[in-house]
Amino acid sequence: MRKNILLGLIGALILCFAAVAFATTTNTNKSAKETSTSKNSTKSSSKQAATSSSSSSSSSSSSSDDGNDNVIYLTFDDGPSDTTTAQLLDILKANDVKATFFVTGYGYDDLIKREHDEGHQIGLHTMTHNYSLVYSSVDAYFDDLKQISDRVKRITGQKSMMVRVPGGSSNTVSANY
C-alpha cells in the first residue's frame, strides 16, 4: 500500500513539474509570437509569416535568450530498489522526464543499466550505505566510493563524476561514527 501511495505521489509530482514547464513554454511562445508580430507589422505578410514561424520554433527550444529558464533537477537516492525503480522509470519515461539516480551497491545491475540507457544520469552514493563502515576513516570512505564507482563504470561503460554524500550534504551523520 505504501509503495502505491509513494509511486502515486511521484507521478503527481512529475505531472506538476511537466505542467509548470508546459505553461512556461506556452507563455514564452505566446510572448515571442506577439513580439515578432508587432516588430514585423510593416513588412509584407509573407515575410511576417516566415518570421513568426521561425520565431515560434526557436522559442520552443530548451533555452531562452533572456536567461529565464525554469529548470527542475529530480534526484533519487539509495537505489536501485528492487521494488520501485522499474515502476519509477516507467513513470519518468511516460512523461519524458529525466532524473539523476545516486546509486548504492544494492539492487540489480540491469536497473542501473536501464537508468543509463534511458538517458538518466547515474551518480555515486555509496557501495554499502553502512555509516559505521563508510565513516570509520577517510580511507574507508574512499574505498567504498571506489567500489560503487567501479560498479557503475562496469555496468554503464562510463565513469560517473557526481557524488552524493551518505547522510546528506550537511553530513552531521558522520560525526556519530
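The legends below describe several close-up views of a predicted model.

Residues are numbered from 1 along each chain as its sequence is written, and the side-chain values rest on heavy atoms, with hydrogens and water left out. Because the model is predicted, local features need pLDDT of at least 70 and side-chain atom pairs count only at pLDDT 80 or more, whereas totals for chains, interfaces and linings use all residues.

View 1. The protein chain holds 6 helices and 3 strands, taken as DSSP runs (H or I of at least four residues for helices, E of at least two for strands) and numbered from the N terminus. Along the sequence these elements follow the pattern α-α-β-α-β-α-β-α-α. Of the 177 residues, 31% count as buried, a term that stands for under 20% relative accessible area, with exposed over 50% and partly exposed in between (1.4 Å probe, protein chains only). Among contacts (heavy atoms within 4.5 Å) with a separation of 6 or more, 60% come from residues 24 or more positions apart.

**View 2. The open sheet of 3 strands.** The strands lie in the order β1-β2-β3 with parallel pairing, where two strands pair if DSSP finds at least two bridges between them. β1 (75–79) and β3 stand at the edges with a single partner strand each, so one side of each is left without a neighbour in the sheet. Between β1 and β2, the parallel pairing runs over 4 bridges, and Phe76 stands opposite Phe101 in β2.

**View 3. The largest nonpolar core.** This core is a set of buried Ala, Val, Leu, Ile, Met, Phe, Trp, Tyr and Cys residues joined through side-chain atoms within 4.5 Å. Of its 20 residues, Phe76, Leu92, Phe101, Val103 and Ile148 touch the most other members. Two or more residues each come from α3 (85–94), β2 (100–104), β3 (121–126) and α6 (138–156), and α6 gives the most, with 5 residues.

**View 4. Helix α6 and its packing partners.** With 19 residues, α6 reaches 27 Å from its first C-alpha to its last, close to the 27 Å expected at 1.5 Å a residue, the expected span being 1.5 Å times one less than the number of residues. The buried residues of α6 include Tyr141, Leu145, Ile148, Val152 and Ile155. An α-helix has 3.6 residues a turn, so residues three or four places apart point the same way. The buried residues of α6 pack against β2, α4 (109–117), β3 and α5 (131–134). After α6 comes Gly157, whose phi is positive, near 80°.
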